[in-house]
Amino acid sequence: MDATVAVGAVRDVGPQTVALELESPDGFDAEPGQFIKLAATVEGEEYARFYTLSSPGVDDTFEVTVGVDPEEAGPFSQFLLDLEAGDELDISGPFGQSYYEGEARVVVLAGGPGVGPAVGIAEAAVDDGNEAAIVYQTDTPAHESRLDALREAGASVVVVDGAVDEEVAAAVTGADDEQVFVYGFAAFVEDATAALDVAGVDPDDAKVENFG
């Protein structure tokens, strides 16, 4: 689907991180963990980037989480950070096969911006009455209020600054009804899948989204 959507809200959710709430266009259907393409013309140049959904549903609105290092922010990243309610963006999608499908237990391994799909998937699972666990590697956590709410709802949430081997081993059970997800940049994906292997879980069974 290609559509132009309005920005409903822009919320600070962590250091150099905002959550963009966008109005869902008619017929838009996406699952937690899928991603969309955002596009806009900035200073006469056309830009497009992919962002993974960070909301558990898309009925009226949906959310993506945008993290930007101010020292490395390009024109499009700065444009996204400066958006306000009522502004418009072009979207395409959804895309991706690494998404929540109602599994009885989900374990989401998230590195950096992977926390976006992590909270969306975990919230959807909890809402469905299923089990959820998050292992989140970062030194500057985002979405802390949602992570706290997930803990209060019974989910396991661990935030770690460093190796994730022990936390991954503790989070996974290897049960047939458990689905592992991995979201993050290449270095984290490599570390997380290696940790799964050590924990006795076949990395090929995980749903993985490599951010590059």
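**Close-up 1. The pairing of strands S3 and S4 in a predicted model.** Strand S3, which covers residues 35–42, pairs with S4 in the antiparallel sense over eight bridges, where two strands count as paired if DSSP finds at least two bridges between them. Strands (E, at least two residues) and helices (H or I, at least four) are DSSP runs, numbered from the N terminus. One of the bridges joins Val42 to its partner Glu45 in S4. This is a predicted model, in which local features need pLDDT of at least 70 and side-chain atom pairs count only at pLDDT 80 or more, while totals for chains, interfaces and linings use all residues. Residues are numbered from 1 along each chain as its sequence is written, and side-chain values use heavy atoms, with hydrogens and water left out.

**Close-up 2. The open sheet of six strands.** The strands follow one another in the order S4-S3-S6-S1-S2-S5, and their pairing is antiparallel. Because S4 and S5 stand at the edges with a single partner strand each, one side of each is left without a neighbour in the sheet. Strands of a sheet pair through backbone hydrogen bonds, either parallel or antiparallel.

Close-up 3. Ser55 lies in the loop between strand S4 (45–52) and strand S5 (61–67). With a relative accessible area of 9%, Ser55 is buried, a word that here means under 20% relative accessible area, whereas exposed means over 50% and partly exposed in between (1.4 Å probe, protein chains only). Leaving aside neighbours within four places in sequence, Ser55 is in contact (heavy atoms within 4.5 Å) with Pro32, Phe62, Glu63, Gly120 and Arg146. A polar atom of the Ser55 side chain lies 3.0 Å from the backbone oxygen of Gly57, and a polar atom of that side chain lies 3.1 Å from the backbone nitrogen of Glu63. Glu123 is 68 residues from Ser55 in sequence, yet the two are 8.1 Å apart in space, C-alpha to C-alpha.

**Close-up 4. The two faces of helix H3.** In H3, which covers residues 144–152, Arg146, Leu147 and Leu150 are buried. These three cover an arc of only 100° around the axis, which puts them on the same side of H3; the arc is that of the directions from the helix axis to the C-beta atoms. The buried residues of H3 pack against S5, helix H2 (115–127), strand S8 (131–137) and strand S9 (156–160), while the face turned away from the buried side carries the exposed residues Ser145 and Glu152. Just after H3, Gly154 takes a positive phi of about 105°.

Key
Polar contact = N/O pair within 3.5 Å; in protein donor to acceptor, adjacent residues only side chain to side chain.
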